Amino acid sequence: MQQTDSGDRYQRKVVSFTARGSRLDARRQRIWDEHADRFVLDVPRGEATTSVHPDWRLDVPAVFGREAPLVVEIGSGKGEAIIHAAETHPDVDHLAVEVYRPGVAQTVLLATRREVTNVRMIRADAEGVLAHALAAASVDELWTFFPDPWHKKKHQKRRLVGPRLAASAARALRPGGRWRLASDWAHYSAQMRQVLDAAPGFSRDFDGDWAPRFDGRPETGFEAKAARAGREVRDLVYVRT
């Protein structure tokens, strides 16, 4: 097993992320200590730190205390999109899935600042969450915004959006549910479109080459940086048939 300096263990299989440290600065550690129990779900693990035990199932109504539509963001980063959505749509439940503890801690910070109650977080690899932790056909929308492009050719096998993830997403999404994606790397955008055009159970929900920009996604600092670098953001939307 590879380990970070903090002792985290990661799978030997090829994954879409690198083993980074999970240490928090003083502010985020304080927020984590005070508020993580309200927002971050305790996940039974397999062998690796970010794995999800294959026998574990997430009881979404019990976690949120109600029956409501469910939006899941995989690779939620610092939580800007999911917290904005939770604040804007209090009648919808939101689940953020992220492997990096500092990103989850920042999402907790945003949730406490904006006083949202309809968001929860899982620190885990998205594959396990979609493949077995969530009930089949239980997700209304799935979001994948700006996944790591792994732009070097030798690293592209690590890209998150591929046939295996598409199969897990098809399992988790309800019929009529949507998968929204965005990337600022042209090659990865084209690859995602190619993967989902070929994926069983999905069809395009846009005309032309790309979908209109999703107005539910706030412009984050990351997206602004891409614009300054001259990289065009391309959106995709697919519907679960």
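Modeller: Two strands pair if DSSP finds at least two bridges between them. Helices (H or I, at least four residues) and strands (E, at least two) are DSSP runs, numbered from the N terminus. This is a predicted model, where local features need pLDDT of at least 70, side-chain atom pairs count only at pLDDT 80 or more, and totals for chains, interfaces and linings use all residues. Residues are numbered from 1 along each chain as its sequence is written, and side-chain values use heavy atoms, leaving out hydrogens and water.

Colleague: How do you know that strand 3 and strand 4 pair?

Modeller: Strand 3 (residues 70–74) and strand 4 (residues 93–98) share 5 bridges in the parallel sense, and the rule asks for at least two, so they pair. Take V72: L95 in strand 4 is its bridge partner.

Colleague: What makes strand 5 and strand 8 edge strands?

Modeller: Strand 5 (119–123) and strand 8 (202–204) each pair on one side only. They belong to an open sheet of 7 strands, ordered 5-4-3-6-7-9-8 with mixed pairing.

Colleague: Why is helix 5 called oblique to helix 6?

Modeller: The axes of helix 5 (residues 126–133) and helix 6 (residues 163–172) come within 8 Å and cross at roughly 40°. Axes are lines fitted to C-alpha atoms, for helices over the stretch in contact, with angles from 0 to 180 degrees between N-to-C directions. Angles under 35 degrees count as roughly parallel, over 145 as roughly antiparallel, 65 to 115 as roughly perpendicular and the rest as oblique. That is why helix 5 is oblique to helix 6.

Colleague: Which residues make the contact?

Modeller: With contact meaning heavy atoms within 4.5 Å, they include L130 of helix 5 and L165 of helix 6.
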